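This report describes the pockets and part of the strand arrangement of one protein model. The sequence and structure follow.

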Amino acid sequence: MLSARSTPLAYHEPERNAIRPPRTTIAIIPRVALDEKIYELRKQKLTQIQALGQETYTHKFEFTHTIPQILAEYTDKSAEQLAESRVAVRVAGRIMAIRLMGKAGFAHLQQSGRRLQIYVKKDDVGEKGFELYKLLDIGDHIGVRGYLFRTRTGELSIHVEEITFLAKDLLPLPEKWHGLTDVEARYRQRYLDLIMNPEVREVFVKRSRLVQSLRRFLDSRGYIEVETPMMQPIAGGAVARPFVTHHNTLDMDLYLRIAPELYLKRLTVGGMDRVYEINRNFRNEGLGWRWNPEFTMLEYYQAYADFRDMMAVTEEMIETAARDVNGGTRTNFNDQELDFDRSKWQRFTMRDAIIKFWPESAGAKPQLSDFASSEKVGALVKRFNSAQSHMAYDPAAPAGKTIADLFEAVAEEHLVQPTTIYEFPAAISPLSKNKADEPEWVERFEIFAGGMEIANGFSELNDPEEQRRRFELQLRERERGDEEAHRMDEDYIRALSFGLPPTGGVGVGVDRLTMLLTGSPTIRDVILFPLLRPERPEVQSNGVPGHDDAKPNHPDGRGEHDLPGHESPEGHKRETGH
């Protein structure tokens, strides 16, 4: 049983003959008891509907128009024009409002996030039709046949001549004046969120447009879309902690994919010069406003290209996506306007970004020479920590890893407008090609916007001997306790030994890019069913008599908001979107 404080939703009391409790007491009525009562009342109505000759759960409904089509085609038509043409329609939808006025009534049908009014008159639908109308509740699905007209107030409506019952909503929708406002309930019951909040549906419509835009952009440039394994014998292509599963027949452990990178580059070895995959990745790490353990990435590779070529391709693709999704390059995110027009993007090397955003309170800005040794980098960290909140520092860690940590602490939060950061330490880039003039640095870039990384790319390392050395360095990091360090992959080294041409590769976080283009403040807002902590038993019961889905809470009592987020700079192609 829920207390008033923990009751997540306020509900309709839609039964016309029931007396609505005082508004102040609705919150203290146990949710399950309220739901069960309404469930039983509506089941009785379902029996009455069946007695009228209606199928209770019909198989299909033949319609002539959708509600969005009617609104698009007839919103600008006058009452006289509609009367003259008498447009006949058959439309289906969910009832979102209904009122009875003697021998007539109005209702609003919702379909695809749009609403249209219907007018029902007993003389037109007949005795049984009007009895059916009186048995309908908010949330029910119906089909109607009739013609378009305008009411006295000028509202475009359907004058109904026939009602067909399609499906009963046995549980009450959230109260219309409150909507579905409990955040966790919105994520957990996304179906209700989509019904009650049209703007949520629009987020996922835009996400679909984004994916279509990305595909169209790459397809038009000769890339081939492929699929690579989601279960892999070695967790490779990124530096992250994997989920482990077991194949019973082969009696072997497998890892859910943390990145498709090494398989896509195997395909490039095989002659697929331009290849991409829109893939689901899984990382057994923390939850946060920009992290979800299951997330979507776009990853693509182009033979005979380097990181600068891929930088240009990616910037153009993101600008194109912004135009396709929003009709322009500007969007609002966290109360700030972002502009994805490429002519306004900034570019800095990682070292230049640290220098540019170095806080005045930490003393004079660093010089490039301050990044040349572990001792000098350690001195920078001490200067920064003396003036700012403490940054974790391990003197035994490679200098490049410390520089990447320093970049995150000093510069990342300032990268609000679209910005490309390039030239990364080799120590955190085990799959990237070294710079010819600075072997401790690699040809790698990341794109930031809204203060977070959204893309990561580089010139791919194609020397099998150097790749083996890099993997061995990663193994030493594992021995030092880094569980996320990359594992040795002998088959990948064998593939490189057959010759990988000069290749550029990129990973783009689809979830994070959706956040930016829709102004969504958290990654959970752009994932239809994000991972959440186990539901409390008293909340999880669905209110259906004889159906108790209760499960125990998290064993240590923590919720998802208590779990630490993790974003390591080594998160490679491709931690963006995670």
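A pocket is defined on a 1 Å grid over the protein atoms alone, as an open set of points where a 1.4 Å probe fits, with protein on both sides within 12 Å along at least five of seven lines; its lining residues have an atom within 4 Å of a point. Grid points are joined across faces, edges and corners, and a volume is the space filled by probe spheres set on the points. The model is predicted: local features need pLDDT of at least 70, side-chain atom pairs count only at pLDDT 80 or more, and totals for chains, interfaces and linings use all residues. Residues are numbered from 1 along each chain as its sequence is written, and side-chain values use heavy atoms, with hydrogens and water left out.

The largest pocket has a volume of about 570 Å³. Among its 29 lining residues, P398, G400, A426, A427 and E440 lie nearest the centre. Both α12 (399–410) and α13 (464–479) supply at least two residues of this lining, and α13 gives the most, with six.

**Strands**

Strand β2 (residues 104–111) has seven of its eight residues buried, that is, under 20% relative accessible area (1.4 Å probe, protein chains only). Two strands pair if DSSP finds at least two bridges between them. Strand β1 (residues 88–101) pairs with β2 in the antiparallel sense over seven bridges, and R99 has F106 of β2 as its bridge partner. Two residues separate the strands in the hairpin of β1 and β2, where G102 takes a positive phi near 70°.

Strand β3 (residues 114–121) also pairs with β2 in the antiparallel sense, over eight bridges. Here V120 of β3 stands opposite G105. The hairpin of β2 and β3 has two residues between its strands, and S112 in the turn has a positive phi of about 55°.

How values were computed. Buried means under 20% relative accessible area, exposed over 50%, partly exposed in between (1.4 Å probe, protein chains only). Helices (H or I, at least four residues) and strands (E, at least two) are DSSP runs, numbered from the N terminus.
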